[in-house]
Every structure is written in structure tokens, then in C-alpha cells.
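Please keep the sequence and the structure in view while reading.

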Amino acid sequence: MKIFAYNVEPYEMEAFTKWMDETGIEVKLYDGLLTPESVEMTKGYDAVTTCQVPPMKDEEIYKKLNEYGIKHIASRTAGVDMFDLELARKYDVTITNVPRYSPHAIAEMAVTHAMVLLRNIKAIEKKQELGNFKWEKPVLSKEMRSCTVGIVGTGFIGSTAAKLFKGLGAEVIGYDLVKNPEAEKVLTYTDSLEELLGKSDIVSLHLPLVDATYHLINADNIKLMKPGSIIINTGRGALIDIEALIPHLESGFLKGAGMDVLECEAIYVNQNVDLDKIKGTPVEKLMNMENVRMTGHYAFFTETAVDNLVSTSLGNIKTHLETGEAPNCKN
Ligand code: NAI
């Protein structure tokens, strides 16, 4: 069995090497994207893996793979929207994904944002840079054990975050359409999102982006949040109407926001950005606000998650080629 890996990043090398050592299977590592031109490189291989955002919708890609006898593209991502699943099916190419790679990675980022905001770290650092090391009222903080944390979306990541917040001593409440028995071990469900927003000192979002969750946090319900509360989003940017949120952060009605994701993040995530490009966007404003923490979709980015992305995607291929059954098949 021989596998061709596209778009391999230096931070993935260790995980690939480990998997090759463990299985004895050869994987050709290449740093470029899978395109109608580069698909030629897969001749003589049995399957392909890639991790890329730019779309792979050109029929030529699937046609060539079919010609070369390649029946599998294993994406080292959860989302597969960059593929044309119909075309893949037409040319008998199975597309697989990695549905979850480390709930802890994302949950820990939510807790990190919450702690840094709760303890006023950005404001303390700014004071210190000016030589002011005095204990002063504006940076006097609450302790996590005196906070109520509201988890919105209590699936794999939300329930993991709930356990971490509980471990720090917080009272944890949750809102979800479906109750998760695992989450119920550490949190109490509210009957509505509005109830959760009104009771929480820290609100942490862990939902998928679907029609029903688009701008779930908006001008109408931000007003229902507890004055002085903190909001954390490691779910998807468009869960929050950021234009509606910013004035409440500026006025101090909300204490702070921790944003791993933003609706307009495509303009900067995983790129070197000319800062002129973000001028005038909410990104520029948020980055300059003392009570906002921003991480550009880094929540998943841990050694464990990267290792799981690589090993699960290669494992999808191995199982498919050995048994004919493709785990995590998306088409
Ligand atoms: P999951 O499917 O285990 O949990 C999602 C939960 O949201 C479910 O319990 C579901 O019932 C609930 N939900 C869905 N629609 C709802 C609604 N309208 N109202 C209330 N609850 C609703 O998913 P998981 O693995 O916990 O991931 C959650 C989200 O985290 C993902 O959908 C993704 O958007 C985000 N994510 C972010 C990453 C990052 O690097 N920032 C990385 C991976 C995931």
C-alpha cells in the first residue's frame, strides 16, 4: 500500500513519521496542494490524503484519480465542503474525514480565554508596560469558583469544557436542544438560552454553525446577558453577530470577549496577512480592545489534535484498502 500526502506542513511531519514507523506503510510527503495539475503526481499510489482549504471542485482531479486507480481521498479535516462529493462519487472516489480529533484542545482554549479575561491579564500587562505595578480596583478580579459558567452546546467539546470549568470550581449550567448524560454529571440544564444568558458570568459557545444557530447571539439577546459577563466563542464565528456585540464591549456592559473564531476569519486565518487588509474590519477593532482576546482559529492546534488528524485520516485509508469498509465516509 502506498499513500500520497498533499499539503503536508512541517508541524505534521512527526505524526506522519510516527504512523509510517508503526504501520510500515509508505507515505510520500508533499507540501503542495491537490490541483488538476499536481494530481499527476499520484500515479502509482493507492490513495491520497490532503488538508486544504482551497476548493477541489475541478472534475479533472477526480477523473485522473479514477484513471490511476485511486479510490480514496482522506481529508485531514473535519469539514469536507472543499470537495465536490458528487463528482467524487461519479468517479468512485471515497472521501473521508476526521470527525473529532481532540475535544480537549478546543475546551482548553475556551478555559484559557475565560481565565485570562477574568483575571484582567491584558490590562495588567498594559499597566506594567507603563511602569504601573499598583494593585488597583479596575483589575481586581473575581475567582472562577464564584462564577456561573454557561455552556451553550453540550456535545463532545461543550461537555469537556464543562468538566474543566467545574474542576476550577465554577457552577456550570448548560443549554442544548438535546441533553447529554455525560454533561449532566457536571452541569444543570436551563430551559432556554435566554435563561442561561441571564444567569452566566461566563458564556462559552460550543455549537455547530447551521441555519438555526446563525447569529444565535444577537442584538436582541445580548441585552439579556448579565452585566459584567464574559463571552467566549470557540465554535464558529457566525454564531455571534459581532457588530451587535462590539458596542456592548466598548460600553463596558460586557466585561470581555474571547474569540477564537470570527465570521470574517477567512481574511486572516492560517495566513500571513498584510495588516492593511484588516483595516476597517471588526478584526482590527477587536484586536485593539483591551477587553478582547483573539486567537485566529488556533483552538484545535495542539500536538495531540494534529497527531489524531494525521493518524485517523491515514487509518481511514488503511481500513478501506484492507477491508473494503471506509470509516468516516462522507459520500
Ligand atoms: P457535537 O456535535 O458533539 O456538539 C454540538 C452540540 O450542539 C450538540 O449537543 C447539539 O445538540 C448542539 N446544538 C446544535 N444545534 C443547537 C441549537 N440550535 N441550540 C442548542 N444546541 C444545539 O460537536 P462538538 O464536537 O462538540 O463541536 C462543537 C463545535 O465546535 C463544532 O460544530 C465546530 O463548529 C466547533 N469546533 C471548533 C474548532 C476550533 O478550532 N475552534 C475545532 C473543532 C470544532
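Predicted model: local features only at pLDDT ≥ 70, side-chain atom pairs only at ≥ 80, totals over all residues.

## The chain as a whole

The chain contains 12 helices and 12 strands, and its C-alpha atoms fill a box of roughly 70 × 45 × 35 Å along the principal axes.

The accessible surface of the chain comes to about 16400 Å², and 52% of this belongs to carbon and sulfur atoms. Among the contacts with a sequence separation of 6 or more, 69% are accounted for by residues 24 or more positions apart.

## The ligand and its surroundings

The ligand is surrounded by 21 residues, of which F156, I157, D176, T234 and D260 are the closest. By residue type, this shell divides into 10 nonpolar, seven polar and four charged residues.

Where do N and O atoms of the protein approach the ligand? A backbone N or O atom of F156 lies 2.9 Å from a ligand oxygen atom, and a backbone N or O atom of L207 lies 3.5 Å from an oxygen atom of the ligand. On the side-chain level, an N or O atom of D260 is 3.0 Å from a nitrogen atom of the ligand. Taken alone, the ligand exposes 870 Å², and the protein buries 81% of that area.

Helix 10 spans residues 242-250, and its buried residues are I242, A244, L245, I246 and L249. An α-helix has 3.6 residues a turn, so residues three or four places apart point the same way. The cover over the buried residues of helix 10 includes helix 9 (219-222), strand 10 (230-233), strand 11 (256-259), helix 11 (282-287) and strand 12 (292-294). Just after helix 10, G252 adopts a positive phi of about 90°.

The largest nonpolar core has 30 residues, and within it I231 and L245 touch the most other members. Two or more residues of this core are given by each of helix 8 (193-199), strand 9 (202-205), helix 10, strand 11 and helix 11, and the largest share, five residues, comes from helix 10. When residues up to four places away in sequence are not counted, I231 touches V203, I217, M225, I240, L245, G256, A257, G258 and M259. Apart from this core lies another one, of 22 residues, which includes V111, A114, L117 and Y189.

The side chain of T96 makes a polar contact of 3.4 Å with the side chain of N316. Leaving aside neighbours within four places in sequence, T96 is in contact with H72, I73, A74, S75, V80, N316, A326, P327, N328, C329 and K330.

S311 is found in helix 12, which covers residues 303-323. With a relative accessibility of 27%, S311 counts as partly exposed, because that class lies between the cut-offs of 20% and 50%. Although S311 and F16 are 295 residues apart in sequence, their C-alpha atoms are 7.5 Å apart in space.

Terms used. Residues numbered from 1 in each chain as written. Heavy atoms only, no water. Near = heavy atom within 4 Å. Polar contact = N/O pair within 3.5 Å; in protein donor to acceptor, adjacent residues only side chain to side chain. Areas by Shrake-Rupley, 256 points an atom, 1.4 Å probe, with all protein chains shown as cover. Nonpolar A, V, L, I, M, F, W, Y, C, P; charged D, E, K, R; others polar. Buried < 20%, exposed > 50% of the residue type's maximum accessible area, 1.4 Å probe, protein only. Helix = DSSP H or I, 4+ residues; strand = E, 2+ residues; numbered from the N terminus. Contact = heavy atoms within 4.5 Å. Core = buried A, V, L, I, M, F, W, Y, C linked by side-chain atoms within 4.5 Å.
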